[in-house]
Amino acid sequence: KQEAQRGWDVAKGAIASGLYSVVVLDELNPVLDLGLLDIDDVVRTLRRKPDYLEIIATGRSAPPALLEVADLHSEMKPQHYATSEIPGLTGIEIYTGDGKGKSTSALGKALQAIGIGISQDKSHRVMIIQWLKGGKGYTEDSAIAALRQSYPNLVDHQRCGRDAIVWRGQQQTIDYVEAERGWEIARTAIASGLYKTIILDELNPTVDLELLPEEPVVQALLRKPRDTEVIITGRCKNPPAYFQLASAHSEVFNHKHYAERGVELKRGVDF
């Protein structure tokens, strides 16, 4: 309880300071669920936060009082398959669902990998490949560019697609060309053994839109090096066959989103 209160005192100071645009309260939910903090004090503080400040609370077992004050509530649930495991095949993670946080979760895994590369194993290189995200102005570009500048031997990044939303039934030739270009880079990266973590961001909707066939993805994952972690993100209407190969599959459910109430999305937070 003393440690929980010490952390909360720091958090309250950060919220009131005006120094931050985003404050992340990691694992606050289970701390409240365990009764280590006064939930009424937390809710009062959150209700009084500055309008510009984004507060993100994470963890299991969020109490109802916290969910009531939240503008956005995403829940990640594990998905399981009845098929038998393939011997020796591990290290495939998939994030799907309509909720917010899929690409963010994958980028969090990239930060973990980079941290290992910095402190322990200089070969722990990360490749981030993003589909359906052509053009410029994506918020994560600046963050990834900063990581690449600081750790040029640990991070590679490739973006593909045109600068537009691709709708089902309205695919253009360039969409297929760009999807295939990204897959050739991904396939080579997976087979190379040069990367410990490979993020295939928005691959799921790319396959779901039939811009790429799913069988080459299945074969590439079956043949990947054992110590290479592959993380695949994106929503999809029809789960592709490679979902059956996942060591971990989390689906993000959207319980509440402020955009549904007409609140404008924030640059630097939502896009």
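Predicted model: local features only at pLDDT ≥ 70, side-chain atom pairs only at ≥ 80, totals over all residues.
Local features need pLDDT of at least 70 and side-chain atom pairs count only at pLDDT 80 or more, whereas totals for chains, interfaces and linings use all residues. Residues are numbered from 1 along each chain as its sequence is written, and side-chain values use heavy atoms, with hydrogens and water left out.

Helix α1 (residues 2–17) and helix α3 (residues 39–47) have axes that come within 11 Å and cross at roughly 15°; the axes are lines fitted to C-alpha atoms over the stretch in contact, with angles running from 0 to 180 degrees between N-to-C directions. Because angles under 35 degrees count as roughly parallel, α1 and α3 are roughly parallel to each other. Where they touch (heavy atoms within 4.5 Å), W8, K12 and I15 of α1 meet D41, V42, T45 and L46 of α3, a contact with 4 nonpolar, 1 polar and 2 charged residues.

Elsewhere, a search of the whole structure finds 1 cavity of 30 Å³ or more, a cavity being a set of points on a 1 Å grid where a 1.4 Å probe fits but cannot get out. The largest cavity holds about 60 Å³ of space, and its lining (residues with an atom within 4 Å of a point) includes W131, C160, R162, D175 and E178. Helix α7 (residues 173–192) gives the most to this lining, with 3 residues, and the lining as a whole divides into 7 nonpolar, 2 polar and 3 charged residues.

How values were computed:
Helix = DSSP H or I, 4+ residues; strand = E, 2+ residues; numbered from the N terminus. Parallel < 35°, antiparallel > 145°, perpendicular 65-115°, else oblique. Nonpolar A, V, L, I, M, F, W, Y, C, P; charged D, E, K, R; others polar. 1 Å grid on protein atoms, 1.4 Å probe; cavity = no way out; pocket = protein on both sides within 12 Å on 5 of 7 lines; lining within 4 Å. Points joined across faces, edges and corners; volume = space filled by probe spheres on them.
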